[in-house]
Amino acid sequence: MATVADQFIEVLRQAGVRRIYGVVGDSLNPVVDAVRRADGIDWVHVRNEEAGAFAAAAEAQTTGRLAVCAGSCGPGNTHLLQGLYDAHRSGAPVLALASQIPSTQIGSGYFQETRPERLFAECSHYCEMINGPAQMPRILRTAIQHAVGLGGVAVLTLPGDIASRDATEPTGEHDLLVRKGVVRPPPDQVERLAGALNRARRVMLFCGAGVRNAHAEVVALAHRVLSPVGHALRGKEWIQYDNPFDVGMSGLLGYGACYDATQEADLVLLLGTDFPYDPFLPGKNTIQVDDDPSRLGRRTPLDLAVHGDIGETLRLVLEKVEQKHDRSYLDDMLRKHARALENVVSAYTRDIDRHIPIHPEYVASVLDDLAAEDAIFTVDTGMCNVWVARYITPNGRRRVMGSFVHGSMANALPHAIGAQYGAPGRQVISVSGDGGLGMLLGELLTVRLHRVPVKIVVFDNASLGMVKLEMLVDGLPSFETDHEAVDYAAIAEAAGIESARVERPSDVRGALGRALASPGPYLVDVVTDPNALSIPPRVTAQQIRGFALAAGKTVLTGGVGRMLDLARSNLRNIPRP
């Protein structure tokens, strides 16, 4: 007779799930044993359930399919919390199993008792407890439908004793695939959008992750209205490549002329973005298009809210938009963008063969040059975000993942583990800060245990660089941000992972090349300059009003790498008088 745990695993198999990330133990034992006896599904043992949730989030973002993590009762499942917040805010379809103490003990203050259905409610679309066998498999399928259909987390609480009971309802089969329809905007919204685009003299397009499948339509509209195109961090990988209208990125890590373009436009069109930093938006003359109506207008006042899929909306509006002929605004922004990149390109080229500690910008630029054309980069929160945002070049095939909305530390390595499972044939590179790697250092053992062939590049500045920056711009002396140097290569070597420690810039290219060519896991510990921060030279005393404003002024001057080549190339497209 099949148990509830057996039925649980069978439904996951029907949903296409091939692995569960977690730590085995106590209340999870019936489920773990069901995995042992089932074909086609594995248990991926991690060292911390938080890492399991991060890994599931990255696998889901890599494949677009449901991924699963699990935690035992009490501390086991509360460890999931950080990774599940990240997954939910990233829109990754993840199912979390939070096992529970014996059902007869709930409410008695029993050992390790918590209330997962309360704890996880804020970071999930669906959070329920299975109280008896009769609820299966319907509740599990409902949870899966929420995670996949809405994009985000669903959590099921399952007491261990109920998981061990015999199933009472037939499992059967059920189509769990979600084939989302395309949101077609109302005709009157399309008409009003076209009218606004035709009337405006200076149009700026600002793109987020929602333009993922609409690159051609965005570029076509930019050509029609002669608009510069900027992007948020999550939109970078989908719109910057093959884009002659690119003016860089806005926000705390931004670069180029994007900020100027938004401020000088007559009309800013927000496309598929939930960009949270409203001080960088003009606060007026703004239209937003999104297929999620809850995002419309929650960041800035709108002249028009358009509910629709980005590609579908732009295809409809292009039929009604007139070709503009005045290029002065566009050309001015393209020139500003190129100058902004030119002004700081020397930051990683000056004295690179002699500068010790190594410029982190230089390391990122070499990594960009050597990485595969379809590489997946996972990036730690902090200064690593800055280097990846500015120096890793998108091309339509590469992916960049991070905790870009939740902003959690220590995500890069567990994200890399999940991404590698989701894309076993691709090169996966964890761009780790020493602070982030140290926080979940045990996941090096996960990499070794499962022989996960991720490449770990540690930007090792023996400092919490972003925290130091926050203190500096607040006028505070940095305190407890720096620590003694750690040889992470030696730690990796002791764990059985091939590694190298790099202290001289002349060794960077060779070490990264060997790591990327290795068939197995490899860690490169690069000792970088702790004083390499992202504050630009043009910030004034009046502009320093906390970290958001000060670091945000990087939109005026930051950003280099091969983006400079793109900017120079775009300048050649400006017609000569």
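1. Ground rules. The model is predicted: local features need pLDDT of at least 70, side-chain atom pairs count only at pLDDT 80 or more, and totals for chains, interfaces and linings use all residues. Residues are numbered from 1 along each chain as its sequence is written, and side-chain values use heavy atoms, with hydrogens and water left out.

2. Strand β4, burial. Helices (H or I, at least four residues) and strands (E, at least two) are DSSP runs, numbered from the N terminus. Buried means under 20% relative accessible area, exposed over 50%, partly exposed in between (1.4 Å probe, protein chains only). In β4, 7 of the 7 residues are buried, so the strand is largely enclosed by the rest of the structure. Val94, Ala96, Ala98 and Gln100 point one way; Leu95, Leu97 and Ser99 point the other way.

3. Strand β4, pairing. Two strands pair if DSSP finds at least two bridges between them. β4 is parallel to β3 (residues 67-71), over 5 bridges. In that pairing, Ala67 stands opposite Val94. β4 also runs parallel to β6, joined by 7 bridges. There, Leu95 faces Ala154 of β6.

4. Helix α2. This helix covers residues 29-37, and its buried residues are Pro30, Val31, Val32, Ala34 and Val35. They pack against helices α1 (4-14) and α8 (160-164). Their strand partners are β1 (19-22), β2 (42-45), β4 (94-100) and β6 (153-159).

5. Thr313. This residue sits in helix α13 (residues 310-318). Its relative accessibility is 1%, so Thr313 counts as buried. Contact means heavy atoms within 4.5 Å. Setting aside neighbours within four places in sequence, Thr313 contacts Pro185, Leu193, Val289, Val306 and Gly308.

6. Cavities. On a 1 Å grid over the protein atoms alone, a cavity is a set of points where a 1.4 Å probe fits but cannot get out; lining residues have an atom within 4 Å of a point. Grid points are joined across faces, edges and corners, and a volume is the space filled by probe spheres set on the points. The count is 3 cavities of 30 Å³ or more.

7. Lining of the largest cavity. Among the lining residues are Leu233, Arg234, Lys236, Glu237, Ile392, Thr393 and Phe404. Helices α11 (236-239) and α16 (383-391) are the elements that give two or more residues to this lining. By class, the lining has 7 nonpolar (Ala, Val, Leu, Ile, Met, Phe, Trp, Tyr, Cys, Pro), 3 charged (Asp, Glu, Lys, Arg) and 1 polar (the others, Gly among them).

Key
On a 1 Å grid over the protein atoms alone, a cavity is a set of points where a 1.4 Å probe fits but cannot get out, and a pocket is an open set with protein on both sides within 12 Å along at least five of seven lines; lining residues have an atom within 4 Å of a point.
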